[in-house]
Structure formats: C-alpha cells, structure tokens
Amino acid sequence: MGGGQPEHEPVSDGLVLGDETAEIARVVVEAAPGVEKIPAAERVYAYVKAAILDRVYPGGELLTEGELATAVGVSRTPVREALLRLEESGLVKLYPKKGALVLPVLPQEIEDVLEARELIETHAAGKVWPRRKQLIETLTRRVDELRAHREAGDAKSFLEVDRAFHEAIVDAAGNQILAKLYNSLRDRQVRMGVPGIEMQPARMDRSIAEHQELIEALGGNSVKRFRELVVAHINSAAADLRGTR
C-alpha cells in the first residue's frame with residue numbers, strides 16, 4: 001500500500017482500531033473476540049474507516065482490494081462492498097482495476113464542513129430549547145468526563161466525549177436525517193487534523209470552559225444567547241482547524 005503494511009494487527013487476529021471511529025467501529029471493537037459474527041463487509045468498512053480517520057491511511061494513499069482482504073482476513077467481495085460505502089461517505093475514490101484512493105482533505109472541504117456544522121447546530125439549538133432542561137444533566141456528565149480526561153492527559157478520549165456532547169444536542173432536536181448528516185460531518189472533522197494532534201492543555205481548558213458556558217446558557221432564559229455561544233464554539237474549532245491560533 002504505497003508505504004507498506006499498516007502498523008496494526010489484522011482484524012482476524014485480534015482487532016486493533018483507532019480511537020476516533022464511527023459507531024460501527026465501536027461495535028466491532030465491542031464484539032471482539034467474537035468479531036467473526038459481524039458481517040465481513042461491516043468489518044472491512046470499520047477497519048478501513050478507522051484507519052482513514054486516524055490517518056494510518058493518509059490522503060493520497062492507494063488501497064487495493066487484495067491488500068485489504070488480506071489485512072482483514074476476508075475475500076475480495078466484502079472489500080468491494082465496503083469500499084463502495086466509503087466512496088459514498090466521501091472518504092475514498094474508486095478506480096476500476098487499480099483500487100481506492102484515500103481522498104485528501106482540501107481547504108474548501110474544511111470551510112464546507114464548518115458552514116454545515118453551523119447550520120445544523122444552530123438549528124438544533126432552537127429545536128431543543130423547549131425541552132432543554134432534560135439535556136442539562138446529560139451534558140453536565142459529559143463535561144465532568146472532559147475534566148477527567150483533561151486531568152489524565154487523555155486527548156483522544158477527551159475528543160470522543162467532545163463529539164458525544166454535540167451529538168447529544170443534535171440528536172435531541174429529533175431530526176434523524178440531520179443527525180445522520182451531522183455524524184458524517186464530525187467524521188470529516190476528525191480527518192481534518194484536530195484529533196490527530198496531541199492537544200495542548202490550554203486548548204483542553206478552553207474547550208471545557210466553552211462547553212460549560214453552553215450548559216449555563218441552557219439553564220437560562222435566552223435562546224438567542226445559547227445560539228450565539230454555539231456559533232462562537234464552532235468558530236473556536238474553526239480557528240484550530242485553520243491553524244490560526
């Protein structure tokens with residue numbers, strides 16, 4: 001695969017996936033060692049998607065069906081199925097008889113994702129407002145987890161909880177189509193580099209403070225204030241993604 005074999009064990013010998021994965025990757029991890037019970041195409045999809053999100057397979061890497069089949073311990077048919085799904089997700093581009101090219105992250109994609117995030121999250125902020133008090137307990141637990149991971153210096157777990165915090169708000173808005181779209185946006189943001197670097201303590205502290213502000217706004221009486229803080233938080237993430245801090 002261009003740069004040689006991936007630096008982790010095959011799925012069939014004890015699954016080792018990256019920490020920044022989609023839900024299906026978590027399912028596979030939780031199913032081990034009974035991973036063979038998961039359909040082969042799902043196993044390939046989880047394996048490749050996790051490797052792309054963790055940048056084990058960076059943008060520009062050409063993946064071949066044969067190498068992936070060997071890595072996961074399956075035939076080529078489920079590999080093809082998985083690659084088609086990954087192409088639909090915008091992570092790879094298929095080239096007949098050659099393989100799948102891992103698509104690099106382009107500057108325009110960063111801007112597109114940030115714009116879409118703002119649209120979805122500000123919409124969700126308005127939709128959840130009438131039932132916001134039910135959210136406060138869930139989000140408070142998430143911030144407690146953020147603080148624990150900050151104390152432990154566990155950047156990857158910190159980022160997973162950050163993701164769960166925002167997903168809880170979007171999910172509570174009740175639109176499953178938007179929730180699914182939002183999840184795909186967060187996957188794209190993972191690839192953009194923020195979770196791939198070791199977070200600075202000051203950045204963790206700033207993030208915790210911003211999340212706490214969001215919770216306090218939910219406990220207040222101004223939906224305008226809450227929406228403004230949502231936008232400010234996204235702009236803060238945008239500065240990190242653009243490398244302007």
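Helices (H or I, at least four residues) and strands (E, at least two) are DSSP runs, numbered from the N terminus. The model is predicted, so that local features need pLDDT of at least 70 and side-chain atom pairs count only at pLDDT 80 or more, while totals for chains, interfaces and linings use all residues. Residues are numbered from 1 along each chain as its sequence is written, and side-chain values use heavy atoms, with hydrogens and water left out.

**Stop 1: the whole chain**

Display the chain as a cartoon. Its secondary structure comes to 10 helices and three strands, and along the sequence these follow the pattern α-α-β-α-α-β-β-α-α-α-α-α-α. Of the 245 residues, 46% count as buried; the term means under 20% relative accessible area, with exposed over 50% and partly exposed in between (1.4 Å probe, protein chains only).

**Stop 2: Pro 78 in its helix**

Select Pro 78, which has its place in helix α4. Is Pro 78 buried or exposed? Pro 78 is buried, with a relative accessible area of 10%. Leaving aside neighbours within four places in sequence, Pro 78 is in contact (heavy atoms within 4.5 Å) with Ala 40, Ala 41 and Val 44.

**Stop 3: helix α3**

Next, select residues 65–72, which make up helix α3. Its buried residues are Gly 66, Leu 68, Ala 69, Ala 71 and Val 72. An α-helix has 3.6 residues a turn, so residues three or four places apart point the same way. What covers the buried residues of α3? The cover includes α2 (40–53), β1 (62–63) and α4 (76–88). Just after α3, Gly 73 takes a positive phi of about 80°.

**Stop 4: the sheet**

Now select the strands. Three of them form an open sheet in the order β1-β3-β2, with antiparallel pairing. β1 and β2 stand at the edges, each with a single partner strand, so one side of each is left without a neighbour in the sheet. Two strands pair if DSSP finds at least two bridges between them; β2 (residues 92–95) and β3 (residues 99–102) pair over four bridges. Here Leu 94 stands opposite Ala 100, and Tyr 95 stands opposite Gly 99. The two strands form a hairpin with three residues between them, and Lys 97 in the turn has a positive phi of about 70°.

**Stop 5: an enclosed space**

A cavity is a set of points, on a 1 Å grid over the protein atoms alone, where a 1.4 Å probe fits but cannot get out; lining residues have an atom within 4 Å of a point. Grid points are joined across faces, edges and corners, and a volume is the space filled by probe spheres set on the points. A search of the whole structure finds three cavities of 30 Å³ or more.

Select Glu 121, His 166, Ile 169, Val 170, Leu 214, Val 230 and His 233, the lining of the second largest cavity. The elements that give two or more residues to this lining are α7 (155–172) and α10 (223–242). Of the elements, α7 gives the most, with three residues. About 50 Å³ of space lies in this cavity.

Technical notes:
On a 1 Å grid over the protein atoms alone, a cavity is a set of points where a 1.4 Å probe fits but cannot get out, and a pocket is an open set with protein on both sides within 12 Å along at least five of seven lines; lining residues have an atom within 4 Å of a point.
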